[in-house]
Amino acid sequence: MLNQMLAFLLDTLLGLFSLALLLRFYMQLVRAPYRNPLSQFLAALTDFMVRPARRIIPGYGGMDLSTLVLAWLTQCILLASMLMLQGYAFASSPGIAVAGLGLLGILAIIRTTLYIILVAVIAQALLSWVNPHTPFAPILDSFTRPFLGVVRRYVPPIANVDLSPLFVLVIIQLLLFMVASANRQVSMLF
């Protein structure tokens, strides 16, 4: 019972913190407007780790790699904590454990990224019907434009209905299946 409660707390706290780091990374990557409440919140929440990490991990090509590495490390700590709560002994094979945790951390980052895109596409589609001029519209547009733009090149609107969000959602679901399969394969190491 205590292990389940601790696992829930760790999953919630570290999972949300990793999500905040990933959102900060992607908002900087897609050049989302900084003067909005979400950007301000993410910066305030994660600055205590990101600023010192930037001294050690430099950016590359306009990407804030320190934030991405911190999100990955947070996921690895979460996975290691969950395995320890389940009774996994890391001392028996530390090399395999570290490699497996690293791969599982990467897969968790990819899965979270796909869910971020999924939620952004759905939210943008819903808000375009309800209130297209909401303050979050520029953020959602900057998140989804790279993905919807690729599909829009090949799938034009049909009777003024943009089907690109539907195609992006189907592609994301297929990618999530692939990530889940890879996750099962790597989890066999444990």
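Is A159 buried or exposed? A159 is exposed, with a relative accessible area of 72%, where exposed means over 50%, buried under 20%, and partly exposed in between (1.4 Å probe, protein chains only). The model is predicted, so that local features need pLDDT of at least 70 and side-chain atom pairs count only at pLDDT 80 or more, while totals for chains, interfaces and linings use all residues. Residues are numbered from 1 along each chain as its sequence is written, and side-chain values use heavy atoms, with hydrogens and water left out.

A159 lies in the loop between α5 and α6; helices (H or I, at least four residues) and strands (E, at least two) are DSSP runs, numbered from the N terminus. The phi angle of A159 is near 55°, a positive value in a residue other than glycine. N160 is also placed in the loop between α5 and α6. N160 is not a glycine, yet has a positive phi of about 65°. With a relative accessibility of 79%, N160 is classed as exposed.

Helix α5 has 18 residues. From first C-alpha to last, α5 reaches 24 Å, close to the 26 Å expected at 1.5 Å a residue, the expected span being 1.5 Å times one less than the number of residues. At R145, α5 bends by about 50°, and a proline, P146, follows within four residues. The bend is the angle between axes fitted to the seven residues ending at a position and the seven starting there. Buried residues of α5 include I139, L140, F143 and V151. The buried residues of this helix pack against α1, α2, α4 and α6 (164–187).

In soluble globular proteins, nonpolar side chains tend to be buried together. A nonpolar core is a set of buried Ala, Val, Leu, Ile, Met, Phe, Trp, Tyr and Cys residues joined through side-chain atoms within 4.5 Å. The largest such core here has 20 residues, and those with the most contacts inside it are L21, L22, Y26, M27, I116 and F143. Two or more residues each come from α1 (2–29), α2 (37–56), α3 (65–85), α4 (94–130) and α5 (137–154). The most is given by α1, with 8 residues. A second, separate core of 14 residues includes L114, V121, V168 and L176.

Contact means heavy atoms within 4.5 Å. Apart from neighbours within four places in sequence, L22 is in contact with L68, A71, I109, T112, T113 and I116. L45, in helix α2, is partly exposed at 33% relative accessibility. Not counting residues up to four places away in sequence, L45 touches F17 and A20.
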